[in-house]
Amino acid sequence: MAAASAPTAPTTSTPADDRSFEPGAAPAAASGLQERGAGDSTESGAPKADKGRQEASGATSGPDEESAREDSDSAPDAEAPTPTDPTAPGIQDDSGSSDAESRDSASGDPEASGDGDRDRDGEGDNADHPDAPAKPETPTSTSWGRSRTAAEDAPAAGVPDSDPPVDRETAVFKAFERTRPEPVDHPTTTLKVPTPPPARSNPGTSASTFVPLRRDEKSEVRATPPPSAANSASAPATNAPASKPTPFPGATGTGTGTSTGNSTSAGTGTKTGTGTNTPLPTQIPALSNAERTRQQPMPPMPPLDLLAELTNTPPPPQTPVRTAVRRVKIWTPLVLLVLIIFAIVQALRPLPDPKLALTAPATFTFDGGKLELPWPSEGQGAVEVEGVGSLGKYGAGKPAPIASVAKTMTAYVILKDHPITGKQVGPKIEVDKQAGEESNRPDESTAPLQEGQEYTQKEMLQLLMIPSGNNAARLLARWDAGSEKAFVAKMNAAAKDLGMTNSTYTDPSGLMKTTVSTPADQLKLAEAVVQNDVFREIVNTPDIEIPGIGKRIFNNNKILAEPGVSGIKTGSSTPAGGNLLWTAQTIIDGQNRRIIGIVMGAQQATTLDDKLNLAIQNSLKLIQAAQDGVTSAAVVKKGEVVGHVDDGLGGTTAVVATKDLKPVGWGGLKVTLKLGDKGTKVPHTAKAGTVVGELTIGSGDGKVSTPVALQKDLAEPGFGAKLTRIG
């Protein structure tokens with residue numbers, strides 16, 4: 001037999017066995033597909049008798065094998081084996097599967113190749129022990145990619161066990177072209193089985209295609225039994241037609257076949273079937289593990305596109321209307337949320353403090369013509385109503401010597417450093433030697449003091465202001481500051497504090513011509529010092545007797561007896577001439593109003609006493625004219641609306657005067673009205689009639705005022721005002 005005489009083939013593949021395999025394809029031998037029917041024809045699992053001849057037949061496969069198979073494909077019915085031939089290809093036993101299954105096994109899982117190699121290493125376990133129970137015929141895989149059963153691996157009948165297996169002829173198939181699944185836009189886990197590629201169409205075949213459902217489990221793959229040894233020996237090895245390979249997916253055809261298998265030990269079985277070759281479905285690789293895409297992270301998708309991706313529903317086409325509607329749906333909730341938050345914040349924000357605002361005219365001018373005062377023809381001076389304003393002034397208004405008028409600042413500093421009021425007289429002051437010696441100087445006014453005498457602070461101030469004692473001024477300076485120089489420094493510091501920017505003091509008495517000032521500065525000092533009641537009492541005294549002096553002393557201001565006239569200080573010297581700083585009172589609407597004035601530089605006289613008397617007479621004329629010209633007028637009447645409360649958010653509540661407001665003035669005087677809260681905050685809510693401020697005119701002792709109250713209830717701003725406020 002040809003198989004017996006064939007040389008022993010090596011177990012390794014020869015160069016002729018090298019075939020071209022496309023990546024991803026599952027190679028299968030055409031002869032293996034035909035061997036399946038003959039090899040599995042024994043139902044009892046007996047060893048195959050023609051295995052050796054099949055191996056010998058496979059050894060002749062060479063380079064011309066593919067051309068022989070092409071001839072076989074072109075004439076499939078010419079050399080088809082007879083149905084009664086037990087070794088004919090395509091014969092199948094009861095336990096075998098159909099031709100479709102054979103084709104399935106030919107294009108089976110590539111993983112079977114590795115398993116087949118391991119099975120061949122362990123084959124023949126039962127061959128050495130014929131009496132052992134036969135193992136189930138489980139499919140195995142050869143190195144050529146087709147499945148084999150244990151029956152194939154058993155030694156064939158009549159073939160020596162020592163003969164090594166020969167190489168079998170193999171076929172080359174092209175790999176099924178499989179498209180890759182579409183990449184997703186973002187990293188995710190593959191959840192769906194990739195869609196199989198469309199089946200290739202074979203021209204000239206039927207268009208009818210049947211695609212079987214995928215099995216839940218892999219079908220058991222059985223190899224077609226090889227041809228019998230007799231057929232293999234009778235046919236030339238080089239011209240043996242190759243088995244027709246399994247058609248590619250998409251190839252169709254019809255055919256009939258009858259299979260008869262004779263088993264020497266188990267019996268005879270016949271199986272006849274008619275069927276249509278159908279395209280094999282592309283095998284879908286099992287996804288053993290979750291496959292993650294290799295795409296780079298993509299930017300976030302629009303909401304509608306993301307929803308379409310998750311629901312496998314394509315997004316609707318974009319149109320201007322749909323785009324506008326989508327934007328409205330997206331932005332409307334956000335805008336509403338922002339508006340709600342804005343409304344809550346606006347409602348909870350602290351309310352601004354209410355403020356009073358004046359609605360009445362801010363100024364008022366008194367009726368009548370402008371008040372004209374009898375101003376002197378020389379020197380300089382000024383007159384004003386305390387707390388109301390200036391009645392006028394005359395002269396240059398420049399710094400000039402003021403003589404003994406400087407003692408007003410000396411008294412102011414002493415009372416500032418050692419204040420006394422009412423019935424207080426202050427501490428005792430001892431007369432030193434210098435003060436006693438200066439008492440006898442003929443060229444200046446002095447007080448009759450003797451060394452060692454003690455006088456109270458009030459008595460010493462009386463000796464300073466009434467007889468205008470220069471020695472008393474210097475004694476008070478040494479007593480207060482330790483030296484005259486130090487006291488002069490205090491005098492200038494006090495002048496600066498009062499805003500007397502044009503005044504300079506060089507001695508406590510004013511004897512030196514370098515002590516200079518202006519009418520405006522002296523009015524500032526007079527207004528400050530007359531606030532002390534002890535000082536006012538002293539300067540209003542025409543004459544007085546002080547214990548220890550030994551005689552009555554008289555005030556140089558000769559007009560203190562005139563109605564409403566009060567004195568502050570006279571002063572006369574050759575450089576300064578005659579000077580008088582004075583005050584006067586007038587009764588307006590039952591209240592005492594103070595008028596302050598000064599006359600400086602009276603020189604139109606021969607002696608100092610005449611110059612001083614001239615200054616006093618000029619001052620009296622001014623006092624009388626001012627007393628006659630000062631009056632009052634009702635600027636605001638009770639119940640009149642003078643302003644409102646502004647809540648800061650546009651709401652206002654009117655306020656009214658609670659009494660008549662009659663400021664002091666004179667013809668042609670313009671006064672200013674001011675509405676204030678008296679230092680207390682206006683409440684956010686209050687009842688009608690609640691006093692919330694005052695309306696004032698003037699300042700100091702000349703100030704007049706009237707309380708203002710709410711005309712109606714004061715309420716907080718409404719929600720709309722809170723919502724629309726800015727800032």
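Mentor: The dialogue below takes up the chain as a whole, then strands, a helix, backbone angles, salt bridges and the surface.

Mentor: The model is predicted, so local features need pLDDT of at least 70 and side-chain atom pairs count only at pLDDT 80 or more, while totals for chains, interfaces and linings use all residues. Residues are numbered from 1 along each chain as its sequence is written, and side-chain values use heavy atoms, with hydrogens and water left out.

Trainee: How many helices and strands does the secondary structure of the chain come to?

Mentor: Helices (H or I, at least four residues) and strands (E, at least two) are DSSP runs, numbered from the N terminus. In this chain they come to 19 helices and 24 strands.

Trainee: What percentage of the residues in the chain is buried?

Mentor: Buried means under 20% relative accessible area, exposed over 50%, and partly exposed in between (1.4 Å probe, protein chains only). Of the 727 residues in the chain, 40% are buried. As for contacts (heavy atoms within 4.5 Å), residues 24 or more positions apart account for 71% of those with a separation of 6 or more.

Trainee: Which strands pair with β17?

Mentor: Two strands pair if DSSP finds at least two bridges between them. Strand β7 (residues 380–385) runs antiparallel to β17 and is joined to it by 6 bridges; here G381 stands opposite V599. Strand β16 (residues 577–588) also pairs with β17 in the antiparallel sense, over 10 bridges, and T586 has R593 in β17 as its bridge partner.

Trainee: Is strand β17 largely enclosed or open?

Mentor: Strand β17 (residues 591–602) has 10 of its 12 residues buried, so the rest of the structure largely encloses it.

Trainee: Which residues of helix α11 are buried?

Mentor: They are K407, T408, M409, T410, A411, Y412, V413, I414 and L415. Because 9 of the 11 residues of α11 (residues 407–417) are buried, the helix is largely enclosed by the rest of the structure.

Trainee: What is the value of phi at A403?

Mentor: Most residues other than glycine have a negative phi. A403, however, has a positive phi near 55 degrees. A403 is found in the loop between β9 (400–401) and α11, and at 3% relative accessibility it counts as buried. D589 likewise has a positive phi, near 55 degrees. D589 is in the turn of the hairpin that β16 and β17 form with 2 residues between them, and D589 is partly exposed, with a relative accessible area of 48%.

Trainee: How many salt bridges does the structure hold?

Mentor: A salt bridge is a side-chain nitrogen of Lys or Arg within 4 Å of a carboxyl oxygen of Asp or Glu. The structure holds 14 salt bridges. One of them joins E437 to K433, with the closest N and O atoms 4.0 Å apart; these residues are 4 apart in helix α12 (residues 433–438), and so are separated by about one helical turn. Another links R441 and E444, whose closest N and O atoms are 3.1 Å apart. R441 is partly exposed at 40% relative accessible area, whereas E444 is buried at 12%.

Trainee: What of E545 and R552?

Mentor: E545 and R552 form a salt bridge with closest N and O atoms 3.8 Å apart. E545 is exposed, with a relative accessible area of 54%, and R552 is partly exposed at 42%. Elsewhere, salt bridges that share partners join E438, R441, E444 and R474 into one network.

Trainee: Which residues make the nonpolar surface patch?

Mentor: Patches are made of residues with over 30% relative accessible area and no salt bridge; like charges are joined within 9 Å, and nonpolar side chains (Val, Leu, Ile, Met, Phe, Trp, Tyr) within 5 Å. I330, W331, L334, V335, L336 and L339 make a nonpolar patch of about 580 Å². W331 is found in helix α10 (residues 320–348) and counts as exposed at 54% relative accessibility.

Definitions and conventions
Accessible areas come from the Shrake-Rupley method with a 1.4 Å probe; for residues, only the protein chains shown count as cover.
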